[in-house]
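Hi,

Here is the structure I said I would pass on. Have a look at it first, then read my notes below.

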Amino acid sequence: MEQKKLAIIATKGTLDWAYPPFILASTAAALGYEVQIFATFYGLQLLKKDVSGLKVSPLGNPGMPMKMPFGPQWFKNINWNIPNIIQANVPGYESLATVLMKQTIANNGVATIAELRELSQEAEVKFIACQMTVELFGFDQSDFIDGIDYAGAAAFFEFAGESDICLYI
């Protein structure tokens, strides 16, 4: 039986959007899939050496209302649906949302982005940085982790065209 293939196109560079590509890639690799992640535009942030600065952007995110990761149970159970106008106008709201998301992640024993990325690399997931976008944004290869390839969309299409599953995230 031929090995199944998963192709992922990662275009988002926020903390919340960093999880799906790495969770799906590492899971597929553990199930025996050959996996490639093509990071383009803001998705390049996922391949940078330091991902600790990734933030959550709650503005305009209808799924954003979350429970508080601390306090008494009645406080944790409140669904904090903050209107966009407040999120947009309160200085530091994005930083607050990021701190709360990171605390929720830690409280639930979920791996960090750096840990998931390392796990994916250990599972032989191939990371490809879009060469055109690297140049467009003025990045240097030294900005990124070791062990990734640099190629254009045409090179990724060779793999994606043969994949069993292709995801755009």
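Let's start with a term: a residue is buried if its relative accessible area is under 20%, exposed if over 50%, and partly exposed in between (1.4 Å probe, protein chains only). Helices (H or I, at least four residues) and strands (E, at least two) are DSSP runs, numbered from the N terminus. This is a predicted model, where local features need pLDDT of at least 70, side-chain atom pairs count only at pLDDT 80 or more, and totals for chains, interfaces and linings use all residues. Residues are numbered from 1 along each chain as its sequence is written, and side-chain values use heavy atoms, with hydrogens and water left out.

Now for helix H1 (residues 15–30). Its buried residues are Leu15, Ala18, Tyr19, Pro21, Phe22, Ala25, Ser26, Ala28 and Ala29. The cover over them includes strand E1 (5–10), E2, helix H4 (93–107), H5 and strand E3 (126–130); contact means heavy atoms within 4.5 Å.

How do the axes of H1 and H5 cross? They come within 9 Å and cross at roughly 25 degrees (axes are lines fitted to C-alpha atoms, for helices over the stretch in contact, and angles run from 0 to 180 degrees between N-to-C directions). That makes H1 roughly parallel to H5 (under 35 degrees; over 145 is roughly antiparallel, 65 to 115 roughly perpendicular and the rest oblique).

Just after H1, Gly32 has a positive phi of about 95 degrees.

Over to Met68, in the loop between strand E2 (34–39) and helix H2 (73–76). Met68 is buried, at 18% relative accessible area. Met68 and Leu100 are 32 residues apart in sequence but 7.1 Å apart in space, C-alpha to C-alpha.

Cheers
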